[in-house]
Amino acid sequence: MATASVSPTISSLFLSPSKPSLPTRFRFRVRASSAMATKVVPAVIVGVGRVGRALQDMGSGDDLLVKRGEPVPLDFAGPILVCTRNDDLDAVLESTPKSRWSVNGMLEPWFQSKGLGDAEQVLAYFAVSKLGEPPIDGKTDTNPEGLTAAYGKWASAVAARLHAGGLSCQVLDKEAFQKQMLEKLIWIAAFMLVGARHPGATVGVVEKEYRSEVSSLIEELASAAAVEKGIVFDEGMEDRLCAYSRAVSHFPTAAKEFKWRNGWFYSLSQKAVAEGKPDPCPLHTEWLKELKIV
């Protein structure tokens with residue numbers, strides 16, 4: 001699916017070529033690969049930064065690279081991979097023919113506001129540090145098979161592209177995907193907020209030196225998300241998220257893109273308080289106020 005300087009925050013979405021209702025967002029980190037045994041489905045790639053170029057390198061040479069603001073062609077048969085910041089998604093949709101609509105953070109409210117509630121998505125657990133650098137895959141000591149996942153019409157095509165670039169990617173059904181999407185949202189919200197409380201801390205430093213803080217926040221956010229969505233997360237979430245942080249330990253932390261990350265959890269707090277109920281995320285709210293984010 002898109003954002004910070006790390007792949008876990010770059011927004012991405014892929015669109016179906018013939019249905020007016022399916023966007024997908026994802027962030028990718030890709031490893032350039034010169035020789036590929038598998039033919040990768042050509043795609044329109046919106047965004048010419050680190051992630052967009054990396055995805056292009058994973059292709060078979062038939063992709064069309066489109067800069068932000070340029071129109072997306074109507075007659076291209078493959079998926080559209082959007083590798084931009086979340087805040088650019090409105091502009092991307094405006095430049096995309098409606099006949100082609102088919103979009104790391106919480107995109108559901110945005111999807112619903114655009115009438116795209118059943119959007120296909122990709123959840124990227126990998127990062128591209130600099131333009132042209134190979135990606136770091138989200139393979140960890142707890143999940144050696146990798147954590148990147150996709151679902152929807154183009155999920156297999158996107159997985160094949162990532163595999164061609166040396167990255168892992170699972171194809172999931174919507175229910176399984178949604179749980180992983182929320183887990184990734186908890187990761188970015190928790191680690192970035194704790195890191196912001198300790199200027200200069202990378203995600204690795206947060207995991208190693210501020211484990212108790214991030215563990216408390218993960219538990220709180222996971223509980224709130226489970227109640228709101230009526231789901232049960234798999235056991236071991238904290239271990240999985242901390243393992244991923246060790247895998248991308250050098251990435252910086254920053255409390256930004258509030259609307260797409262921590263904003264969803266804060267909205268749960270606001271809703272509960274307005275209804276006369278206890279804040280489901282009191283620690284989260286306290287630290288947001290401490291940093292003058294809210």
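The legends below describe close-up views of a predicted model.

Local features are reported at pLDDT of at least 70 and side-chain atom pairs at pLDDT 80 or more, whereas totals for chains, interfaces and linings use all residues. Residues are numbered from 1 along each chain as its sequence is written, and side-chain values use heavy atoms, with hydrogens and water left out.

**View 1. Overview of the protein chain.** The protein chain contains 10 helices and nine strands; these are DSSP runs numbered from the N terminus, helices being H or I of at least four residues and strands E of at least two. Of its 294 residues, 56% are buried, a term that denotes under 20% relative accessible area, with exposed meaning over 50% and partly exposed the range in between (1.4 Å probe, protein chains only). The chain exposes about 11,900 Å², of which carbon and sulfur atoms supply 52%; accessible areas come from the Shrake-Rupley method with a 1.4 Å probe, and for residues only the protein chains shown count as cover.

**View 2. The aromatic pair of Tyr-151 and Phe-177.** Six aromatic pairs occur in the structure. Rings of Phe, Tyr and Trp (its six-membered ring) pair if their centres lie within 6.5 Å, and the planes count as stacked under 30 degrees apart, edge-to-face over 60 and tilted for the rest. Tyr-151 and Phe-177 form a tilted pair, at 5.0 Å centre to centre and with 55° between the planes. This pair links distant parts of the chain, 26 residues apart: Tyr-151 belongs to strand β8 (residues 149-151) and Phe-177 to helix α5 (residues 174-196). Both Tyr-151 and Phe-177 are buried.

**View 3. The ring cluster around Tyr-125.** Ring pairs join Tyr-125, Trp-187, Phe-191 and Tyr-244 into a cluster. Over the face of Tyr-125 lies Lys-184, at 4.3 Å from the ring centre; a charge sits over a ring if NZ of Lys or CZ of Arg is within 6 Å of the ring centre and within 35 degrees of the ring normal.

**View 4. The open sheet β5-β8-β9.** Three strands form an open sheet in the order β5-β8-β9, with mixed pairing. Strands β5 (121-123) and β9 (170-171) stand at the edges with a single partner strand each, so one side of each has no neighbour in the sheet. Strands β8 and β9 run parallel and are joined by two bridges; two strands pair if DSSP finds at least two bridges between them. Ala-149 has Gln-170 in β9 as its bridge partner.

**View 5. Helix α7 and its packing.** Helix α7 (residues 211-229) has 19 residues and reaches 26 Å from its first C-alpha to its last, close to the expected 27 Å; the expected span is 1.5 Å times one less than the number of residues. Its buried residues include Val-214, Leu-217, Ile-218 and Leu-221, and also Glu-213 and Glu-220. The buried residues of α7 pack against α5, α6 (203-209), α8 (237-247), α9 (262-274) and α10 (282-290), contact meaning heavy atoms within 4.5 Å. Gly-230, with a positive phi near 65°, follows α7.

**View 6. Helix α9 and its buried residues.** Helix α9 has 13 residues and reaches 19 Å from its first C-alpha to its last, close to the 18 Å expected. Among its buried residues are Trp-264, Phe-265, Tyr-266 and Leu-268. The cover over the buried residues of α9 includes α3 (108-113), α5, α7 and α10. Trp-264 is buried at 9% relative accessibility, and Phe-265 is buried at 0%. Gly-276, with a positive phi near 75°, follows α9.
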